[in-house]
Amino acid sequence: MFRIFSKEGLRELISKCPTTVFLIMINTVMLFIVIFNGGFTGKNLVNLGGLLPAYVFELKEYYRLLSAMFLHGSIIHYFFNVY
């Protein structure tokens, strides 16, 4: 068990699980981007890269296949994904 509330525990967590820590950091950054750019509305999520099949196939916006993985519909959705 990591004691993440100490410097040593946080360093151990980062050294043993770097990919997990990196993904949590990306998810957290995207959470704040969504919150500060208008919230969890459908329109806002699509503007920030949410997956809309018509945009992918017709407009060739393939980046949406990756960016959608880091967007969340609510704070609870974020917490469950990070958990």
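What follows is a chat about the helices, the core, the surface and the salt bridges.

Modeller: Two notes before we start. This is a predicted model, where local features need pLDDT of at least 70, side-chain atom pairs count only at pLDDT 80 or more, and totals for chains, interfaces and linings use all residues. Residues are numbered from 1 along each chain as its sequence is written, and side-chain values use heavy atoms, with hydrogens and water left out.

Biologist: Fine. Which residues make up the largest nonpolar core?

Modeller: Five residues: Met-30, Val-34, Leu-45, Phe-70 and Leu-71. A core here is a set of buried Ala, Val, Leu, Ile, Met, Phe, Trp, Tyr and Cys residues joined through side-chain atoms within 4.5 Å. Buried means under 20% relative accessible area, exposed means over 50%, and partly exposed is in between (1.4 Å probe, protein chains only).

Biologist: And what does Phe-70 touch?

Modeller: Leu-23, Ile-26, Asn-27 and Met-30, leaving out residues up to four places away in sequence. Contact means heavy atoms within 4.5 Å.

Biologist: Tell me about H2. How many residues does it have?

Modeller: H2 runs over residues 18–36 and has 19 residues. Its first and last C-alpha atoms are 27 Å apart, close to the 27 Å expected at 1.5 Å a residue; the expected span is 1.5 Å times one less than the number of residues. Helices (H or I, at least four residues) are DSSP runs, numbered from the N terminus.

Biologist: Which H2 residues are buried, and what do they pack against?

Modeller: Val-21, Asn-27, Met-30, Leu-31 and Val-34 are buried. The buried residues of H2 pack against helices H1 (7–16), H3 (42–47) and H6 (75–82). Just after H2, Gly-38 has a positive phi of about 125°.

Biologist: Switching to the surface: which residues make the nonpolar patch?

Modeller: Phe-32, Ile-35, Phe-36, Ile-75 and Phe-79, covering about 530 Å². Areas come from the Shrake-Rupley method with a 1.4 Å probe, and for residues only the protein chains shown count as cover. Patch residues have over 30% relative accessible area and no salt bridge; nonpolar side chains (Val, Leu, Ile, Met, Phe, Trp, Tyr) are joined within 5 Å, like charges within 9 Å.

Biologist: Which helix gives the most to the patch?

Modeller: H2, with three residues, and H2 and H6 each supply at least two.

Biologist: Why does Phe-32 count as partly exposed?

Modeller: Because its relative accessibility is 43%. Phe-32 lies in H2.

Biologist: In general, where do nonpolar side chains tend to go?

Modeller: In soluble globular proteins, they tend to be buried together.

Biologist: OK, salt bridges. How many are there?

Modeller: The whole structure has two, counting a side-chain nitrogen of Lys or Arg within 4 Å of a carboxyl oxygen of Asp or Glu. One joins Glu-12 and Lys-16 at 3.2 Å, N to O. Both lie in H1, four residues apart, about one turn of the helix. Glu-12 is partly exposed at 32%, while Lys-16 is exposed at 55%.

Biologist: And Arg-64 with Glu-61: buried or exposed?

Modeller: Both are buried, and their side chains meet at 2.6 Å, N to O.

Biologist: Last one: where does Lys-60 lie?

Modeller: In the loop between H4 (53–59) and H5 (64–67). Most residues other than glycine have a negative phi. Lys-60 is also exposed, with a relative accessible area of 51%.
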